Amino acid sequence: MKFKKFAVLPFRANAYIVYKEKEGFIIDPGGSIKKLQSEADALNIKIKAVLLTHGHFDHCGAAYYFQKLGAKVYIHRNDAEKIKSAKGSLAENFG
């Protein structure tokens, strides 16, 4: 397996694309959808899953985009509620 690290959003949170051959997954795709999708395209891989370490917006912001493309999204059950609201994900605090 190989991986690429990216700093996403103005907060420069770390996101990772982990891949092997034609498939991969993303860890904490906080934002920068175009950047992450462009890199997946350049690597010629399909994103099959998104792994979220926690429910803050700067780590999960682009998860829905990849979910709509068919990726499964995984988050610990204790953080799952956070991604459903602007308050829980802390997005409300940053406008």
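Visitor: What share of the contacts in the chain with a separation of 6 or more comes from residues 24 or more positions apart?
Guide: This is a predicted model: local features need pLDDT of at least 70, side-chain atom pairs count only at pLDDT 80 or more, and totals for chains, interfaces and linings use all residues. Residues are numbered from 1 along each chain as its sequence is written, and side-chain values use heavy atoms, leaving out hydrogens and water. Contact means heavy atoms within 4.5 Å. Among contacts in the chain with a separation of 6 or more, the share from residues 24 or more positions apart is 45%.

Visitor: In what order do the elements of the chain run from the N terminus on?
Guide: Helices (H or I, at least four residues) and strands (E, at least two) are DSSP runs, numbered from the N terminus. The chain has three helices and five strands. From the N terminus on, they run β-β-β-α-β-α-α-β.

Visitor: What percentage of the residues in the chain is buried?
Guide: Buried means under 20% relative accessible area, exposed over 50%, and partly exposed in between (1.4 Å probe, protein chains only). The chain has 95 residues, and its buried fraction is 36%.

Visitor: Which residue of β5 is the bridge partner of A49?
Guide: Two strands pair if DSSP finds at least two bridges between them. β4 pairs with β5 (residues 72–75) in the parallel sense, over four bridges. In β5, the partner of A49 is K72.

Visitor: Which residue of β4 is the bridge partner of I27?
Guide: β3 also pairs with β4 in the parallel sense, over five bridges. In β4, I27 has as its partner L51.

Visitor: Is the β-α-β unit of β3, α1 and β4 right-handed or left-handed?
Guide: Take the strands pointing away from the viewer; if the path from the first strand over the helix to the second runs clockwise, the crossover is right-handed. The unit made by β3, α1 and β4 is right-handed.

Visitor: What is the arc that the buried residues of α1 cover around the axis?
Guide: L36, Q37, E39 and A40 are buried in α1. They are on the same side of α1, because the arc they cover (from the directions of the C-beta atoms as seen from the helix axis) is only 160°.

Visitor: Which residues are exposed on the other side of α1?
Guide: The buried residues have cover that includes β1, β2, β3 (23–27), β4 and α3. On the other side of α1, the exposed residues are K34, D41 and A42.

Visitor: How far apart in space are L36 and F66, C-alpha to C-alpha?
Guide: L36 sits in α1 (residues 33–43). L36 has a relative accessible area of 0%, so L36 counts as buried. Leaving out residues up to four places away in sequence, L36 touches F6, A15, I17, I26, P29, G31 and F66. L36 and F66 are 30 residues apart in sequence, and their C-alpha separation is 9.9 Å.

Visitor: Is E21 buried or exposed?
Guide: Most residues other than glycine have a negative phi. E21 is not a glycine, yet its phi is positive, about 55°. E21 lies in the loop between β2 and β3. At a relative accessible area of 66%, E21 is exposed.

Visitor: Does D28 count as buried or exposed?
Guide: D28 has a positive phi too, near 55°. D28 lies in the loop between β3 and α1. Its relative accessibility is 5%, so D28 counts as buried.
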